[in-house]
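Please look over the following structure together with the briefing set out below it. The notes concern how the chains are related and how they meet.

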2 protein chains.
Amino acid sequence: MISKKTKYGLKALIYLARRYEQGPILIADLARDESIPKKFLENILLNLKNAGVLQSRKGRGGGYALGRPPEKITFGQAIRLMEGPLAPVPCVSEMAYARCTECGSELTCGIRLVMKDVRDEMARILDGTTLADVLVKIDGAEDRGRNLIDFCI
Amino acid sequence: MISKKTKYGLKALIYLARRYEQGPILIADLARDESIPKKFLENILLNLKNAGVLQSRKGRGGGYALGRPPEKITFGQAIRLMEGPLAPVPCVSEMAYARCTECGSELTCGIRLVMKDVRDEMARILDGTTLADVLVKIDGAEDRGRNLIDFCI
DNA sequence: ACTTTATTCAACTATTTCAGTCAACAAAAA
DNA sequence: TTTTTGTTGACTGAAATAGTTGAATAAAGT
Ligand code: FES
Ligand code: FES
């Protein structure tokens, strides 16, 4: 299960992607609209900014915005920044490989052999999904929801 | 990342699967061979036994064994018992669905739309892999390792 | 210059989970 | 009955999670 931190961060990114053309967004507005504790959101956004995913401006007229277009930010990148490596075991991580201290031989480790496949599939989906893709998915889901209602009427 | 508990548990299951025909295995042997803290391993195995995956016998000649054949125990089952639901968010879990308290509408949640795909792929792989499958994979990997050495010579 | 509006940063706290241990207990074989 | 072995729940220390507090800093408007 992903942490609340990650979930809040992803919600914030989707929110900012939706308003990408509108200039800087206030933390306070974001926190209110998505019901995220404001102070907690502050340090999440700061993390994302330090990683280059977001940019910010202080003072009047300031706020947060995406650091690059929504098509250039993937779920995979965001999750790695907040949650750590995607891989279920360190020995199959491509971005943050580490040896498994518990396992003798890496080549013949049964856990590794299975988890490699899991990691690869997760990476394929998450690195292949940008914020722009998610906006499209959401719009599609909304339309389908509306049609269902229309159909009922 | 999976917890050590889960990793130890999976190692134990693979170990017991390999020795499925040999009758009960002592915790002490298992702990020594896989270098798992014995006391910790005890309550991991107990969990698995209470879930029906393992069986045990007390006294001399006792020990632990699989509760059913290796072809009937999947990685997915084992991981769910030790690590909890596979799903990254509770709202896409099939075995342990729960509403996401943080999200307003479930139907149009961008996180959910993406994580649904992730969960389904993970479930496909992990529920589709039995202990017997893993043993075969390990043997295959060992053979490939040997061939590589032969080739070098 | 001064105030207002914002983000930034360090430090602090409470709660929960993880990793592992202890000691008393129960069952079965010798 | 004694010894060997597994069973169980309670316990502990360390780390991660989920926040909070409060002061510092920066930019814009007056
Ligand atoms: S080597 Fe990484 S899980 Fe075994
Ligand atoms: S992630 Fe579950 S509804 Fe949004």
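With which residue does Glu102(B) form a salt bridge? Glu102(B) pairs with Lys4(A), the closest N and O atoms being 3.9 Å apart, where a salt bridge is a side-chain nitrogen of Lys or Arg within 4 Å of a carboxyl oxygen of Asp or Glu. This is a predicted model, in which local features need pLDDT of at least 70 and side-chain atom pairs count only at pLDDT 80 or more, while totals for chains, interfaces and linings use all residues. Residues are numbered from 1 along each chain as its sequence is written, chains are lettered from A in the order in which they are written, and side-chain values use heavy atoms, without hydrogens and water.

**Interface**
- In contact (heavy atoms within 4.5 Å) are 38 residues of chain A and 38 residues of chain B.
- Because 100% of the interface residues of chain A are also interface residues in chain B, the copies meet through the same surface.
- Across the interface of chain A and chain B, the rule finds six salt bridges.
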